Amino acid sequence: MRLHLCAVGRLRAGPERALVDDYLQRLDRTGRPLGLGPVSEHEVEDRKGGGMAAEGLLLSRAIPDGAALCVLDERGKTLSSPEFAQALAGWRDAGRQDAAFVIGGADGVDPALRARADLTLSFGRMVWPHMLVRVMLAEQLYRAATILAGSPYHRV
């Protein structure tokens, strides 16, 4: 199952970029034998100032047809890492070819796009900067792969 990180904004060079790259490389090595990967990043920017609706349209274009859709949103479900791993495995085992993970802009994800989600996921009730959410998502995807592989990375 191919994985797509779809985000509003560009993640420039710096510590966050380095962390995302590191976790995605680890995910590629661990996830491919499990049928998870490759991972691609899709960064969109609304240069015309159309707000959430315009960002939602740009994000929708980045999501492959038929992809399992996970939207990151503070109002979403808080899952444990093993529960998240099982959600990924469930999509993969159901024959989904793609899974897309959406991180919205400063105002969040367009409600119409959020309504289409198979899973709305929260990393807690606090609001996180988008660049950190991308790091946390990359780490959790890698952690999910290690859980599914039976690796000792995730300790209970």
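**Entry 1: a salt bridge to begin with.** I began with Glu41, which is partly exposed at a relative accessible area of 29%. By the cut-offs I used, buried means under 20% relative accessible area, exposed over 50%, and partly exposed in between (1.4 Å probe, protein chains only). The side chain of Glu41 meets that of Arg134 in a salt bridge, 3.2 Å from N to O. I count a salt bridge when a side-chain nitrogen of Lys or Arg is within 4 Å of a carboxyl oxygen of Asp or Glu. Arg134 sits in helix α5 and Glu41 in strand β2, 93 residues apart, and the pair links these distant parts of the chain. Arg134 is buried, with a relative accessible area of 5%.

**Entry 2: ground rules.** I note that this is a predicted model, in which local features need pLDDT of at least 70 and side-chain atom pairs count only at pLDDT 80 or more, while totals for chains, interfaces and linings use all residues. Residues are numbered from 1 along each chain as its sequence is written, and side-chain values use heavy atoms, with hydrogens and water left out.

**Entry 3: the outline.** How many helices and strands does the protein chain have? I found 5 helices and 5 strands, running β-α-β-α-β-α-β-α-β-α from the N terminus on. Helices (H or I, at least four residues) and strands (E, at least two) are DSSP runs, numbered from the N terminus. Buried residues make up 41% of the 156 residues. The C-alpha atoms fill a box of roughly 45 × 35 × 30 Å, taken along the principal axes.

Entry 4: Searching the whole structure, I found 15 salt bridges. One of them joins Arg10 and Glu45, whose closest N and O atoms are 3.1 Å apart. Arg10 lies in the loop between β1 and α1, and Glu45 in the loop between β2 (39–44) and α2 (51–62), so the pair ties together parts that are 35 residues apart in sequence. A network of salt bridges links Arg10, Arg17, Asp21, Glu41, Glu43, Glu45, Arg47 and Arg134. I also looked up Asp73 and Arg114, whose side chains meet at 3.5 Å, N to O. That pair links strand β3, which holds Asp73, with helix α4 (residues 111–115), which holds Arg114. Asp73 counts as buried at 8% relative accessibility, whereas Arg114 is partly exposed at 22%.

**Entry 5: the inside.** Which residues have the most contacts inside the largest nonpolar core? They are Leu72, Phe84, Leu88, Trp91, Phe101, Leu137 and Leu141, in a core of 30 residues. A nonpolar core here is a set of buried Ala, Val, Leu, Ile, Met, Phe, Trp, Tyr and Cys residues joined through side-chain atoms within 4.5 Å. Helix α5 gives the largest share of this core, 8 residues. Apart from it lies another core, of 13 residues, among them Cys6, Val44, Ala62 and Val71.

I then followed Phe84: leaving aside neighbours within four places in sequence, its contacts (heavy atoms within 4.5 Å) include Leu79, Leu121, Gln140 and Ala144.

Entry 6: Beyond its neighbours within four places in sequence, Thr146 is in contact with Thr30, Ser151, Tyr153 and His154.
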